[in-house]
Amino acid sequence: MDLMFAISSLYSANFQIMKQTINEIIERLSMNQTSYSVLVFGASTYKRLDFGTSFSDKQTLKDFIMALSNTPGKPALAKALDEATRTFDGSSRGSGVANVLVVIMDSNSSVPEAVLRTKTEQLQGRKVKVVSVALGNRASPAQLGAIVKHKDNLVVIRGMEHPASMASDIINAILRSK
């Protein structure tokens, strides 16, 4: 599986939770069967990890994730979806590999939902499954719901939830057949 995370946070505590959640997911999935990419976005987008990057073991990868720095500014979700499309287009693992994009945000983007739907359709046309996570009270489930094909692929976390629990919710959404 090619698994890309696109994360955006206005709050440093939430950014830490996002990174810990990614690490929980890494811990549960096989390094031999999963290739990772991470995009951190705010007003700008920065790909911090590409699918072709290899790590000697899970701990090295998890240390890399924990060292990621945040990108300031209101989330430019449309730009992040464009970058995700380019990243999946450049992946060389072949057509038999499942492609999944997990978007985690703790605030809203100013992009209209119609634009987000169009950008998501481009990903879905490339056989990329999109899972979105609304973390906290400032993230809009309606907006993040606009980028998923099925409502079961939207995870809403309103209160403080442990990263292990969040990881379980995200993995369940990734593994659903929808």
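Val102 is in contact with Leu3, Met4, Phe5, Ala6, Val131, Val133, Ile170 and Ile174, when residues up to four places away in sequence are left out of the count. The model in which these contacts were found is a predicted one. Val102 belongs to the largest nonpolar core, which comprises 33 residues, and Val102 and Leu3 are the members with the most contacts inside that core. At least two residues of this core come from each of the following elements: strands S1 (2-8), S2 (35-41), S4 (99-105), S5 (128-135) and S6 (154-157), together with helices H1 (12-28), H2 (58-66) and H6 (163-175).

The aromatic residues were examined next. A pair of aromatic rings is described by two quantities, the distance of the centres and the angle of the planes. Two aromatic pairs are present in the structure. In one of them, Phe51 and Phe88 stand 5.3 Å centre to centre with 50° between the planes, and the pair is tilted. This pair links distant parts of the chain, since Phe51 is in the loop between strand S3 (45-49) and H2, Phe88 is in helix H3 (residues 77-90), and 37 residues separate them. Phe51 has a relative accessible area of 8% and is therefore buried, the cut-off being under 20%. Phe88 also counts as buried, because its relative accessibility is 8%. The other pair is made by Phe55 and Phe64, whose ring centres are 5.5 Å apart and whose planes meet at 55°, so this pair is tilted. Phe64 has a relative accessibility of 30% and thus counts as partly exposed.

Several positions in loops and helices were then considered one by one. Pro75 occupies the loop between H2 and H3. Its relative accessible area is 3%, so Pro75 is buried. Beyond the residues up to four places away in sequence, Pro75 touches Ser8, Phe41, Gly42, Met105, Ser107, Asn108, Ser109 and Ser110. One of these contacts, Met105, lies 30 residues from Pro75 in sequence, and the C-alpha to C-alpha distance between the two is 8.0 Å.

Thr85 is located in helix H3, the helix that also holds Phe88. With a relative accessibility of 6%, Thr85 counts as buried. Apart from residues up to four places away in sequence, the contacts of Thr85 are Gln122, Leu123 and Arg126.

Met31 is placed in the loop between H1 and S2. Its relative accessible area of 24% makes Met31 partly exposed, a class that lies between the limits of 20% and 50%. Phe55 is in turn a member of the tilted pair with Phe64. Met31 and Asp63 are 32 residues apart in sequence, and their C-alpha atoms are 15 Å apart in space.

Lys127 lies in the loop between helix H4 (113-125) and S5. The phi angle of Lys127 is near 65°, a positive value in a residue other than glycine. Lys127 counts as exposed, because its relative accessibility is 70% and the cut-off for this class is over 50%.

Glu161 is found in the loop between S6 and H6. At a relative accessibility of 23%, Glu161 counts as partly exposed. When neighbours within four places in sequence are set aside, Glu161 is in contact with Met166 and Asp169. Glu161 and Val97 are 64 residues apart in sequence and 31 Å apart in space, C-alpha to C-alpha.

Note on methods: Residues are numbered from 1 along each chain as its sequence is written. This is a predicted model: local features need pLDDT of at least 70, side-chain atom pairs count only at pLDDT 80 or more; totals for chains, interfaces and linings use all residues. Side-chain values use heavy atoms; hydrogens and water are left out. A nonpolar core is a set of buried Ala, Val, Leu, Ile, Met, Phe, Trp, Tyr and Cys residues joined through side-chain atoms within 4.5 Å. Buried means under 20% relative accessible area, exposed over 50%, partly exposed in between (1.4 Å probe, protein chains only). Helices (H or I, at least four residues) and strands (E, at least two) are DSSP runs, numbered from the N terminus. Contact means heavy atoms within 4.5 Å. Rings of Phe, Tyr and Trp (its six-membered ring) pair if their centres lie within 6.5 Å; planes under 30 degrees apart count as stacked, over 60 as edge-to-face and the rest as tilted.
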